[in-house]
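Subject: Structure handover, helix packing

Hi,

Here is the structure I promised. Please open it alongside this note.

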Amino acid sequence: MDSTPKRTCLARLPGGELQVLGTKDLDKIDGLRKKPEHVVWLDISSPAADDLKLLREEFAVHPLALEDLEKRRQRPKLDTYADQQIIVTYEVLEPSEPEGHFDLGELHLFAGPGYLVSVRWQDSPAIAEVERRFRERPDGVARTPGSLVYAILDAAVDGFFPLLDRLSDKIEGLEGRILAGGPTSDTLRIILGLKRKLLELRRHLSPQRDVANALLRRDLPLVDDTSAPYFQDLYDHTIRVLDQLDLQRDLLASALEANLSVTSNALNAVMKRLTAFTVVLMVPTLIAGIYGMNFHFMPELSWPLGYPLVLGGMLVTMVGAALFFRARDWF
């Protein structure tokens, strides 16, 4: 993760030209963003105290929004302060492990007349993708701050699809493993881990759907007649992600039930075998118990062949019981 404070400032000029502002040129932001058809994008990574001061003095960011930056771990939301919209959203970071592990990165977007400020605390795939496109075609990405907001949010939402595809492959692998009768303890651990991950995704994606829905309101300065269809597309993508997430939660619940059924069936098979062995051993135990009662007047006690006959009877009954249970697939 990127923990080094860093600023990147790009400006789209009226003719579609790109202007890159260095650290010493940040005092020009105020003049550029007030000019017609100028769009200034300031990206701040791992904000420090001077960055918060810049946001407060240069962009008049509301104190409550600055407090959210300091506390972090905010719920996805859309707040409106005067002529400024503040959006908190999350994106999927690059996976750090092959086992489907993932991290979510928090993004704060501050949009106002002629500018957008993005704040993050990690290397952001969405910001990197939009910045690359912005540098190549500033006129095609950021004609307005709203179009730049859409580009970032759309890249963040689309980043969930590859993750859900990986999780779907993992769930399918689990289903095959369960049907093949793999180790149940390890399978249960993996299922519960995936369930926890899906719940975490649901906790972040559900309010992001509300944010996308709120952006469809035409009373927001960010959304005009030109950009409204794009925000509708963003809402549709968010719904698709949630639908796919809900489908995988159902598949995971089915996999959990299948795992429990396989475990229960295996336990039942063991109990059937133990029951069969018990019955097989019960008959000779009964016969031996009868002849161990120590009565003097038992006619079989005086037979010369009584002992081998009793042993033979025990053997026959044991074999008969074993064949009986074998025919019923209890062995």
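This is a predicted model: local features need pLDDT of at least 70, side-chain atom pairs count only at pLDDT 80 or more; totals for chains, interfaces and linings use all residues.

Residues are numbered from 1 along each chain as its sequence is written, and side-chain values use heavy atoms, without hydrogens and water.

Helices here are DSSP runs (H or I, at least four residues), numbered from the N terminus.

**α2 and α3**
Helix α2 (residues 49-58) packs on helix α3 (residues 63-71) at about 165 degrees, with the axes 11 Å apart. That makes the two roughly antiparallel (angles over 145 degrees, on a scale from 0 to 180 between N-to-C directions). Leu 52, Leu 55 and Arg 56 of α2 meet Leu 66, Leu 69 and Glu 70 of α3 (contact: heavy atoms within 4.5 Å). By class, this contact has four nonpolar, no polar and two charged residues (Asp, Glu, Lys and Arg count as charged; Ala, Val, Leu, Ile, Met, Phe, Trp, Tyr, Cys and Pro as nonpolar; the others as polar).

**α6**
In α6, 12 of the 14 residues are buried, so the helix is largely enclosed by the rest of the structure (buried: under 20% relative accessible area, 1.4 Å probe, protein chains only). Among them are Tyr 150 and Asp 154.

**α6 and α9**
The axes of α6 and helix α9 (residues 228-290) come within 10 Å and cross at roughly 15 degrees. The pair is therefore roughly parallel (under 35 degrees). The contact includes Tyr 150 and Asp 154 of α6, and Phe 231 and His 237 of α9.

Best wishes

Note on methods: Angles under 35 degrees count as roughly parallel, over 145 as roughly antiparallel, 65 to 115 as roughly perpendicular and the rest as oblique. Buried means under 20% relative accessible area, exposed over 50%, partly exposed in between (1.4 Å probe, protein chains only).
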